[in-house]
Amino acid sequence: MSAPTPDETPADPSADGTPAYRLPTSVRPHAYRLVLTPDLDRATFSGDVEIDITVERPVTSITLNAAELEITSAELNDGNPDGGYALAPTTIGLDPHEERVELTFAGTIDPGPATLHLSFTGILNDKLHGFYRSTFTDDDGHEHVIATTQMESTDARRAFPCWDEPELKATFEVTLVVDEALAAFSNGSVVDEAPEAGGKRRVHFSTTMAMSTYLVAFVVGPLEATEPVDVSGVPLRVVHTPGKSHLAPFALTVGAHALRFFTEYFGIPYPADKLDLVAIPDFAFGAMENLGCVTFRESALLVDPAQAARVELERVADVVCHEIAHMWFGDLVTMKWWNGIWLNEAFATFMEVLAVDAFRPEWQRWVSFGVEREAALAVDGLHATRPVEFHVGRPEEAQGMFDVLTYQKGGSVLRMLEQFLGPDVFREGINDYLTTHSHQNTETADLWSALERSSGRPVGRVMDTWILQGGYPLVRVGDDGGLSQVPFSYSGEPGGAIGSDWQVPVLSRSLDAPAEEPRPLLLEGSAPAAAPAGAGHLINAGGSGYYRVAYPTATVRHLASRLGDLAPLERYNLVSDTWAAALAGQAPVADLVGLARSLADSGEGDPSVWSVVLGAVGLFDRVIPEEDRPALEGAVRHLFGPLAADLGFDPRDDDGERTPSLRSSVLRTLGTIGADPGIRAEAGRRFGAADTTALHPDTESAVLDIVASTGGEAEYQAFLARYRAPATPQEENRYLYALASFSDPGLAVRTFDLALSEVRSQNAPFVLQLLVANRTNGPAAWQRITDHWDDIVGRFPSNILPRMLDGVRSLCGSKALADQVAEFVLSHPLPAGGKTVEQILERLAVNVAFGERERHGLAGTLTAALGATPGH
Ligand SMILES: [Zn+2]
């Protein structure tokens with residue numbers, strides 16, 4: 001993102017009142033006819049584009065976007081075949097900094113329709129943006145090249161000259177001239193193909209609806225497509241590198257579900273004439289919602305359900321549903337400017353979960369969404385948070401908007417609103433919004449207006465308090481049952497971008513009347529609100545509220561004794577709110593540990609609920625003094641040992657749908673932090689076993705982490721071999737990321753070197769993140785990163801680099817080290833770092849403060865609350 005800093009304030013507006021970072025509004029595009037000829041071997045391309053435009057006012061020059069392109073010819077016609085004009089510009093001025101080209105003409109061009117013809121050449125870059133190269137090696141060891149695109153946010157200008165702003169929608173008629181042997185894909189379906197000289201083929205695609213430039217796509221390479229599946233008249237295919245068609249059926253099933261689900265939910269037909277889901281070996285994001293031609297990283301699309309962990313399968317379902325939701329929300333109706341990107345992404349996140357929940361209700365996707373909401377709450381309780389809708393001036397600042405606050409907080413507040421208004425009223429408002437604004441651009445207020453029409457409630461007034469300011473409230477329940485709110489802050493003090501006085505849609509219910517509907521109440525501003533009192537009264541009923549709750553001690557004890565009367569998401573919130581209070585120093589750690597004891601006693605079986613406790617244990621592991629480590633190990637074994645014994649390593653017939661995820665996380669924690677000798681021995685046996693069924697996909701990653709924690713050269717070599725020859729993209733990830741889990745310092749160095757050489761740049765920053773998060777090797781890995789900083793920053797896509805830094809949150813065992821980290825990071829700003837980097841450093845500081853406050857009492861707290869004896 002980069003929050004605007006004083007020296008980056010927008011330059012003076014231009015004469016017509018638009019900010020200097022916006023293109024002049026004197027000319028508007030309507031239709032692009034684009035012919036591109038990529039040369040995959042030379043990593044270049046040439047192109048011709050005809051753009052139908054309207055000249056709105058008399059002008060002497062025309063300005064549009066272009067970057068890393070050479071314009072070889074330009075001509076403007078008025079489109080009148082009977083004696084119209086044909087003007088060549090006197091100068092073609094490229095401005096690399098502003099990424100623009102200005103065509104200046106000798107005379108004045110009168111208002112009216114015209115057509116601009118441009119010829120150009122460009123490069124297929126290796127930066128995973130614009131028109132770029134991706135490579136893969138076949139089974140015979142031959143390398144092949146794919147030319148593919150990633151235009152969002154502002155990289156269409158690297159592929160062809162264009163008015164590269166989301167509001168300047170136009171139709172696109174694409175023609176690709178490619179080698180005869182290569183396949184070609186774009187947004188539209190193939191209209192006709194014809195041979196060209198020189199062993200080439202001319203592939204002409206159907207014209208798209210009017211859409212933004214960031215949604216244009218073309219993919220050329222030795223790729224295969226599955227037979228199309230007819231989904232109510234829409235042909236759906238998966239496109240992949242050769243030999244992977246067996247990994248496509250699950251994505252086709254999910255894709256067909258999503259197409260039908262959204263067509264029905266939105267009440268509007270799918271807005272393109274086909275849908276290709278394209279797996280690209282090198283891809284910076286998870287996926288990209290190009291109209292009719294969605295691109296994915298392979299692990300987010302290609303999967304074998306029989307060889308995948310449940311979470312890996314859910315990931316594919318999530319991403320496919322997310323992108324297909326965008327076909328309507330984003331592609332058909334689009335934000336006016338990049339500050340509105342939150343609406344695109346928050347809504348797609350919300351719809352993704354809704355669609356996956358309908359696809360497999362037994363997955364309880366709204367419960368696991370609690371973990372994602374918590375990820376947003378964890379950042380949004382920092383002074384360095386930001387409002388969801390955030391000023392974006394220069395378009396490159398949009399890059400920093402693709403974060404947890406846009407997606408997870410945005411999706412969470414929409415879910416809160418949907419639950420408060422009621423799903424039918426919410427859906428009616430969405431239908432209204434999409435129908436009213438089809439093929440147009442909107443601002444956030446347009447959505448609130450539609451929801452106000454459907455609900456008759458002041459949606460805009462409520463939602464502005466969640467979208468236009470950072471942070472969220474802690475809803476306090478008084479001894480008399482009354483409710484009040486204060487801003488929640490991990491530092492204990494409000495400040496920074498944390499706001500105040502939210503309009504909190506509170507749902508509450510009595511545990512003693514489970515059949516009653518939850519009661520809605522709008523907690524407004526700082527005035528306390530009366531609520532039905534009683535120890536058995538639960539606030540945030542259903543668990544979809546984006547806020548935390550603080551109960552009187554007696555109520556917490558009462559709720560802990562009635563965990564079975566709470567829904568999984570309600571239990572999740574009780575535990576995560578308790579942990580957040582402890583992390584913020586507002587409640588004793590013993591509260592969390594006591595609640596963990598109650599969860600164990602009540603036979604808690606939900607992996608999301610337990611994930612909060614496991615996360616807390618992970619932080620204990622980082623801050624506890626070495627001499628107290630046996631106490632932590634003993635506590636972990638005491639708390640999780642019986643659960644692990646019950647779950648075992650193998651799937652069982654009576655497993656719940658979510659049991660495999662719980663099994664995996666409990667075994668991992670016991671075998672690593674708990675140093676459980678029995679678990680370690682069994683993990684080692686299974687890893688070494690010749691019998692391939694000894695490693696089940698759901699627990700494989702946990703077993704690898706356990707093996708790595710004590711493993712050596714032989715295990716490392718075995719991991720490396722599997723990473724290099726994986727059966728599926730998920731297996732590749734499992735073995736790659738486990739290479740960062742070895743405790744042996746020498747092996748950590750090897751993994752570091754691998755990340756800077758062999759590992760694809762789409763994955764390498766995540767390997768570095770995990771190396772830094774490794775308890776024994778993290779400090780040394782961080783040192784190596786600083787030693788190789790320039791190489792790393794130059795090598796990897798700028799939008800993933802801030803994720804690499806996420807690992808430093810774990811370097812919280814020593815304040816001196818944390819200070820060094822902060823000093824280095826602040827003096828070496830990342831191009832797309834912005835708020836994300838500030839947030840990571842503040843989280844590091846929160847963890848350090850927790851350690852300094854709690855370190856010496858932890859062993860005693862654990863032993864007292866769990867009744868565990870150190871070392872047992
Ligand atoms: Zn999205």
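Biologist: Which residues in α11 meet which residues in α26?

Modeller: In this predicted model, V589, A590, V593, G594 and R597 of α11 meet L858, T861, L862, A865 and L866 of α26, and by class that contact has seven nonpolar, two polar and one charged residues.

Biologist: How do you describe the way α11 and α26 cross?

Modeller: Two packed helices are described by the angle between their axes and the distance between the axes. For helix α11 (residues 589-601) and helix α26 (residues 858-866), the axes come within 9 Å and cross at roughly 35°, and the crossing is right-handed.

Biologist: What makes H322, H326 and E345 donors of the zinc ion?

Modeller: A donor is an N, O or S atom within 2.8 Å of the metal. The zinc ion is coordinated by NE2 of H322, NE2 of H326 and OE of E345, at 1.9 to 2.1 Å, so these atoms meet that cut-off. Along the chain, the donors follow the spacing H-x3-H-x18-E.

Biologist: Why are H322 and H326 separated by about one helical turn?

Modeller: Both belong to helix α2 (residues 310-326), and because they are four residues apart in that helix, about one helical turn separates them. H322 and H326 are also buried.

Biologist: Why is K409 called buried?

Modeller: Buried means under 20% relative accessible area, and K409, which lies in helix α5 (residues 404-421), has a relative accessible area of 0%, so the word applies to K409.

Biologist: What makes the pair formed by the side chains of K409 and D380 a polar contact?

Modeller: The cut-off for a pair of N or O atoms is 3.5 Å, and one atom must be able to donate a hydrogen and the other to accept it; the two side chains make their polar contact at 2.8 Å, which is therefore within the cut-off. The side chain of K409 also reaches the backbone oxygen of G471, at 3.2 Å. Leaving aside neighbours within four places in sequence, the residues in contact with K409 include A376, V388, W466 and Y546.

Biologist: How do you know that A616 is buried?

Modeller: A616, placed in helix α12 (residues 607-623), has a relative accessible area of 0%, and since buried means under 20%, the value for A616 falls under the cut-off.

Biologist: Which residues are in contact with A616, leaving aside its neighbours within four places in sequence?

Modeller: They are W579 and L592. As for N344, its C-alpha atom and that of A616 are separated by 33 Å, the two residues being 272 residues apart along the chain.

Notes: Residues are numbered from 1 along each chain as its sequence is written. This is a predicted model: local features need pLDDT of at least 70, side-chain atom pairs count only at pLDDT 80 or more; totals for chains, interfaces and linings use all residues. Side-chain values use heavy atoms; hydrogens and water are left out. Axes are lines fitted to C-alpha atoms, for helices over the stretch in contact, and angles run from 0 to 180 degrees between N-to-C directions. Helices (H or I, at least four residues) and strands (E, at least two) are DSSP runs, numbered from the N terminus. A crossing is left-handed if the near helix is turned anticlockwise from the far one by less than a right angle, and right-handed if clockwise. Contact means heavy atoms within 4.5 Å. Ala, Val, Leu, Ile, Met, Phe, Trp, Tyr, Cys and Pro count as nonpolar, Asp, Glu, Lys and Arg as charged, and the others, Gly among them, as polar. Donors are N, O and S atoms within 2.8 Å of the metal (3.2 Å for Na, K and Ca); water is not among the atoms, so sites may look incomplete. Buried means under 20% relative accessible area, exposed over 50%, partly exposed in between (1.4 Å probe, protein chains only).
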